[in-house]
Amino acid sequence: NARQNVVATKRELRRQGSDPSEEDVVIDCDSTPAFSKWMPGVSPCITCGRSKGHWVTSRGRRFLKTEMMRLQGMDPTKFKVVVSDSRLGHQLGNTMSVNVLERLFCRALPAAGLARPGSLRDRWADGSAVKALAAKR
């Protein structure tokens, strides 16, 4: 199914006038053909069932595990991987995104009176977290 979904999506993109080898289109290639989705510039959810990674048309390959970690808001240079690549993919699919959690805590903790209002910096809102992850490529 994966290859079939990639071929069908690339064909559809070309039909729409796009060049899939030049554009960052992410394909959820491991679903059934009826449910395969693609999104330019956006990644579908990384789940345990997609532990091999989604297909990136501009790269002609699946996401690397380090790329999946960065999408989940993790710095791959700070992790010691002690499991197989397959197991790591499952773990990444079972992870709550660090960026989402951090943004929630920056708002929830002050609202609950557990932190002073304005004392927590939302690194995702100001772009500094994204810049830090991009520097780790």
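Visitor: Of the contacts in the chain with a separation of 6 or more, what percentage do residues 24 or more positions apart account for?

Guide: Contacts may be sorted by the number of positions between their partners. In this predicted model, residues 24 or more positions apart account for 45% of the contacts with a separation of 6 or more. The chain has 137 residues, of which 34% count as buried. Along its principal axes, the C-alpha trace spans about 55 × 35 × 30 Å.

Visitor: In what order do the 4 strands of the open sheet stand?

Guide: The order in a sheet is read from strand to neighbouring strand. Here the order is E2-E1-E3-E4, and the pairing is antiparallel. The edges are formed by strand E2 (38-40) and strand E4 (61-62); each has a single partner strand, so one side of each lacks a neighbour in the sheet. Packed on this sheet is helix H1 (residues 2-15), which touches E1, E2, strand E3 (55-56) and E4. The direction of H1 makes about 145 degrees with that of E1.

Visitor: Over how many bridges do strand E1 and E2 pair?

Guide: Bridges show which residues of two strands are partners. Strand E1 (residues 25-27) pairs with E2 over 3 bridges, in the antiparallel sense. For Ile27, the bridge partner in E2 is Trp38.

Visitor: Which residues of H1 are buried?

Guide: Burial is judged by relative accessible area, with under 20% counting as buried and over 50% as exposed. Asn5, Val6, Thr9 and Leu13 of H1 are buried. Viewed down the helix axis, the buried residues of H1 fall within an arc of 100 degrees, so they line one face of the helix. Their cover includes E1, E2 and E3. On the other side of H1, the exposed residues are Arg3, Arg11, Arg14 and Arg15.

Visitor: How far does H1 reach from its first C-alpha to its last?

Guide: The span of a helix can be set against an expected value. The 14 residues of H1 reach 20 Å, close to the 20 Å expected at 1.5 Å a residue. After H1 comes Gly17, with a positive phi near 90 degrees.

Visitor: Is Thr57 buried or exposed?

Guide: Thr57 lies in the loop between E3 and E4 and is buried, its relative accessible area being 7%. Leaving aside neighbours within four places in sequence, Thr57 is in contact with Lys10, Leu13, Pro20, Ser21, Glu23, Asp24, Val25 and Ile27. A polar atom of the Thr57 side chain lies 2.8 Å from the backbone oxygen of Pro20.

Visitor: With which side chain does the side chain of Ser18 make a polar contact?

Guide: Polar contacts are read from the distance between paired atoms. Ser18, found in the loop between H1 and E1, makes a side-chain polar contact with the side chain of Glu23 at 3.4 Å. Apart from neighbours within four places in sequence, Ser18 is in contact with Leu13 and Glu23. The C-alpha atom of Ser18 is separated by 37 Å from that of Phe79, 61 residues apart along the chain.

Terms used:
Residues are numbered from 1 along each chain as its sequence is written. This is a predicted model: local features need pLDDT of at least 70, side-chain atom pairs count only at pLDDT 80 or more; totals for chains, interfaces and linings use all residues. Side-chain values use heavy atoms; hydrogens and water are left out. Two strands pair if DSSP finds at least two bridges between them. Contact means heavy atoms within 4.5 Å. Axes are lines fitted to C-alpha atoms, for helices over the stretch in contact, and angles run from 0 to 180 degrees between N-to-C directions. The expected span of a helix is 1.5 Å times one less than its number of residues. Buried means under 20% relative accessible area, exposed over 50%, partly exposed in between (1.4 Å probe, protein chains only). The arc is that of the directions from the helix axis to the C-beta atoms. A polar contact is a pair of N or O atoms within 3.5 Å; within protein, one must be able to donate a hydrogen and the other to accept it, and residues adjacent in sequence count only if both atoms are side-chain atoms.
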